[in-house]
Structures are given as structure tokens and as C-alpha cells.
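User: Hi! I am new to protein structures and would like to learn how to read one. Could you walk me through some features?

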Amino acid sequence: MIKISAVIITYNEEKNIARCLASLQKVADDIVVVDSFSSDRTEELVKAAGARFVPHAFEGHIQQKNWAISQAKYPHVLSLDADEALDEELEAAILALKENWTADGYRLNRLTNYCGKWIRHGLWYPDRKLRLWDSRKGAWGGQNPHDTFIMEKGSVIQELPGHLLHYSIYSFEEHIAQIRKFTDISSKAAFDNGKRSNYFKLLFSPFLKFIRAYVFRLGFLDGKEGWMIARWSAHATYLKYRKLMKLQQS
């Protein structure tokens, strides 16, 4: 039987971490939480759940997640964020997989809870994430803060049934704060990678993002929440290009 290490990175996640760890108890043979010096009860809750708690300075999402993999006891890794949890169907699928591991990596279908409502349309669903893999065959990459696990060429990737439940945002105010933080990170990363903004991108990219999310991907079927997600996604696109333009000018 394959043994699985569950790997999570945290910073001040007392609101979410207990739920995340509880969902891993049946499927994970090893749980390691790499924490960037939380000031809340995260450490206490992690240790109470029987998981390993490893402090490590945060240098970026990609860097932190790659370092966290090095702390896993087993090469087969299940990577979750603290605000995620397995539903029962996904839990059963992973348990069966441990008896019959056939691919190099597995995608999980993430279902996001936004201000108390599960979002089933728009750009947030289906939201398939590669989160279970043989860590010897890939590494975290992408562009901060939007990391992605990149497997070596020729790797076989399959999809699992069930949902990775994502308790993303609890209030509109929290969403706005997250957008400001993430656009600071993404615009700086884009600038460092040689990407540039212009007035065309600044004016038209937000509009296209809204139309794609709300109309083409049926975000309107999620009601008020679908409208807010499309609206703030467009605003995030605008902020990213505006901040990138300011970096260029400076």
C-alpha cells in the first residue's frame, strides 16, 4: 500500500487549520505543517491534531511549498492549503488509490465556498488542481502567488471524483483585502519576470475578465455572489496591471 504525506503551509490559520487536518486523518500516513511564524493559535491546533509542526521563514508561495515537500516522510504527497478540506467522496477515492496507484499525479476538483455559498459556475468552478503526486517527478512553479505543481514531461495525470472543499473568503471585506495583497505580489512577480503593462491591458483586460466570468462561464447563475466574484475579479485584473505600470514608471 502506498503511504501518503500531507503537506500544508500556514500563517495565522487558526480559523481553518483544524478542519483541514481533521479531513486528512484517514488518508494521510504523515502530516507536516510548515508555518511561517504564526502569531495566533495555529501551532497549538496543529500539535493537538497530532501533525508535525515545522517553522520556516516565508520567501514566497512557490519557494515555501517546495521546501515543505522536502519535509515529507514519503514521496507521494497530498498538498492542501489550510482553508481546504477533503469531502467524503474524495476521501474514499484517495483511500482506494493507496491500494492501486496507477498515475504519476492526480487532479482534484476544488469547490469554493464564498461568503457562505458554494460557487458552481464562473471562473471558480470547475477548478481542477494537481494536488496529489509522486514528488520525485515534479516541483512547484508558476508565478507568485499563483503557484502550480509542474510535473516532468511524459507524466501521467488522472482526475479523482469528489471535491476539495475550499473555504476561501468569509466576507466581502476579506475579499478586497486579499485582492490588494495578491495584486501587490503578482505585479511584482510579473515585473521581475519581464512582463509589462500598457493602457490597452489596463482598460480592456478587466472588462474581458468580467464578461468571461459572469456571462460566458455563467457566473450569473450564482446570484449575488456570482456578480461579486466577477466584479472583484475584474477589479483585481485592473489593479495588477496598474501596479505593474507603476513599477515600470519607477
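Predicted model: local features only at pLDDT ≥ 70, side-chain atom pairs only at ≥ 80, totals over all residues.

User: Let's start with a helix. Which residues of helix H3 are buried?

Analyst: In helix H3, which spans residues 61–69, the buried ones are His61, Ile62, Gln64, Lys65, Ala68 and Ile69. They cover an arc of only 165° around the axis, so they sit on the same side of H3.

User: Now the surface. Which residues make the nonpolar surface patch?

Analyst: Tyr199, Phe200, Leu203, Phe204, Phe207 and Leu208 make it, with an area of about 730 Å². Take Phe204 as an example: this residue lies in helix H6, residues 199–216.

User: Is Phe204 buried, partly exposed or exposed, and why?

Analyst: Phe204 counts as partly exposed because its relative accessibility is 42%. For that label, the value has to fall between 20% and 50%.

User: Next, rings. How many aromatic pairs does the structure hold?

Analyst: There are 12 aromatic pairs. One of them joins Trp118 and Tyr167 edge-to-face, with 5.3 Å from centre to centre and 70° between the planes. Trp118 is partly exposed, at a relative accessible area of 28%.

User: What kind of pair do Phe210 and Trp227 form?

Analyst: Phe210 and Trp227 are also an edge-to-face pair, at 5.4 Å centre to centre and 80° between the planes. This pair links distant parts of the chain, since Phe210 is in helix H6 and Trp227 in helix H7 (residues 223–249), 17 residues apart. Phe210 counts as buried because its relative accessibility is 19%, while Trp227, at 38%, counts as partly exposed.

User: Which charged residue lies over the face of Tyr167?

Analyst: That is Arg19, at 3.7 Å from the ring centre. In another case, the charged end of Lys65 sits over the ring of Trp140, 4.5 Å from its centre.

User: And what about charges that meet each other?

Analyst: The general idea is that side chains of opposite charge can pair when their charged atoms come close. A search of the whole structure finds 19 salt bridges. One of them joins Lys47 and Glu43, whose closest N and O atoms are 2.6 Å apart. Both residues lie in helix H2 (residues 42–48), four residues apart, about one turn of the helix. Glu43 is partly exposed, with a relative accessible area of 36%.

User: Which parts of the chain does the pair of Asp184 and Lys243 link?

Analyst: The side chains of Asp184 and Lys243 meet in a salt bridge at 2.7 Å, N to O. Asp184 lies in helix H5 (residues 172–192) and Lys243 in helix H7, so the pair links distant parts of the chain, 59 residues apart. Asp184 is partly exposed, at 45% relative accessible area, whereas Lys243 is buried, at 17%.

User: Which residues are linked in a network of salt bridges?

Analyst: The network links Lys65, Asp81, Glu84, Arg110, Asp127, Lys129, Arg131 and Asp147.

Note on methods: Residues numbered from 1 in each chain as written. Heavy atoms only, no water. Buried < 20%, exposed > 50% of the residue type's maximum accessible area, 1.4 Å probe, protein only. Helix = DSSP H or I, 4+ residues; strand = E, 2+ residues; numbered from the N terminus. Arc of directions from axis to C-beta. Patch = residues over 30% accessible without salt bridge, like charges linked within 9 Å, V, L, I, M, F, W, Y side chains within 5 Å. Areas by Shrake-Rupley, 256 points an atom, 1.4 Å probe, with all protein chains shown as cover. Salt bridge = Lys/Arg side-chain N within 4 Å of Asp/Glu carboxyl O. Phe/Tyr/Trp six-rings, centres within 6.5 Å; stacked < 30°, edge-to-face > 60°. Lys NZ or Arg CZ within 6 Å of the ring centre and 35° of its normal.
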